[in-house]
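Subject: Structure handover

Hello,

Here is the structure I promised to pass on. Please load it first, then read my notes alongside.

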Amino acid sequence: MTNEQVRDGFCEVYNDFWNRYKDRQPKDDTPEWQRMFTIAEVLKRKYPLLEEVINRMLTELIERARGRGRKVDDYHRPV
């Protein structure tokens, strides 16, 4: 990947994906929930370098949607 592609990848993943869902996560089994996963898969294919970042963001969004992380020491962290 070129420097510009890396920059564009971070920009798209953060600005378009993360900012879209960080403050309001969709409910399970809704069309928007499926759309969130579809967007994540498309981004992982488009920017393979950022696959792990996207996976971690998706995990965080799922945890937030399920109400976890609202208290101190309540976050799930992959081992």
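How many residues apart are Phe17 and Tyr21 in helix 1, and what does that make of their separation in helical turns? They are four residues apart, which means about one helical turn lies between them. Keep in mind that this is a predicted model.

**The aromatic pair**

The structure contains two aromatic pairs. In the pair formed by Phe17 and Tyr21, the ring centres are 5.7 Å apart and the planes stand at 65 degrees. Edge-to-face begins over 60 degrees, so this pair is edge-to-face. Both partners are buried. Phe17 has a relative accessibility of 1%. For Tyr21 the relative accessible area is 0%.

**Helix 1**

Helix 1 covers residues 3-21. It has 19 residues. From first to last C-alpha it reaches 26 Å, close to the 27 Å expected at 1.5 Å a residue. Its buried residues are Gly9, Val13, Phe17, Trp18 and Tyr21. Helix 2 and helix 3 are among the elements that cover them.

Gln5 also sits in helix 1. Its relative accessibility is 38%, so Gln5 counts as partly exposed. Gln5 and Tyr47 are 42 residues apart along the chain, yet their C-alpha atoms are separated by 8.3 Å.

**Helix 3**

Helix 3 runs over residues 51-65. Does its span agree or disagree with 1.5 Å a residue? It agrees, because 15 residues should span 21 Å and the end C-alpha atoms are 21 Å apart. Buried here are Ile54, Met57, Leu58, Glu60, Leu61, Ile62 and Glu63. The buried residues of helix 3 pack against helix 1 and against helix 2, residues 31-46. Just past the end of helix 3, Gly67 has a positive phi of about 85 degrees.

**How helices 1 and 3 pack**

The axes of helix 1 and helix 3 come within 10 Å. They cross at roughly 10 degrees. Angles under 35 degrees count as roughly parallel, and these two helices are therefore roughly parallel to each other. On the helix 1 side, the residues that meet helix 3 are Val13, Phe17, Trp18 and Tyr21. Their counterparts in helix 3 are Ile54, Met57, Leu58, Glu60, Leu61 and Arg64.

**The core**

Nonpolar side chains tend to be buried together in soluble globular proteins. In this model, the largest nonpolar core has 15 residues. Those with the most contacts inside it are Val13, Phe17, Met36, Leu43, Ile54, Leu58 and Leu61. Helix 1, helix 2 and helix 3 each supply at least two residues of this core. Which helix gives the most to it? Helix 3 does, with five residues.

Beyond its neighbours within four places in sequence, Leu43 contacts Glu12, Val13, Phe17 and Ile54.

Asp29 is in the loop between helix 1 and helix 2. Its phi is near 60 degrees, a positive value in a residue other than glycine. Is Asp29 buried or exposed? Asp29 counts as exposed, because its relative accessibility is 70%.

Best wishes

Methods:
Residues are numbered from 1 along each chain as its sequence is written. This is a predicted model: local features need pLDDT of at least 70, side-chain atom pairs count only at pLDDT 80 or more; totals for chains, interfaces and linings use all residues. Side-chain values use heavy atoms; hydrogens and water are left out. The expected span of a helix is 1.5 Å times one less than its number of residues. Buried means under 20% relative accessible area, exposed over 50%, partly exposed in between (1.4 Å probe, protein chains only). Contact means heavy atoms within 4.5 Å. A nonpolar core is a set of buried Ala, Val, Leu, Ile, Met, Phe, Trp, Tyr and Cys residues joined through side-chain atoms within 4.5 Å. Rings of Phe, Tyr and Trp (its six-membered ring) pair if their centres lie within 6.5 Å; planes under 30 degrees apart count as stacked, over 60 as edge-to-face and the rest as tilted. Axes are lines fitted to C-alpha atoms, for helices over the stretch in contact, and angles run from 0 to 180 degrees between N-to-C directions. Angles under 35 degrees count as roughly parallel, over 145 as roughly antiparallel, 65 to 115 as roughly perpendicular and the rest as oblique.
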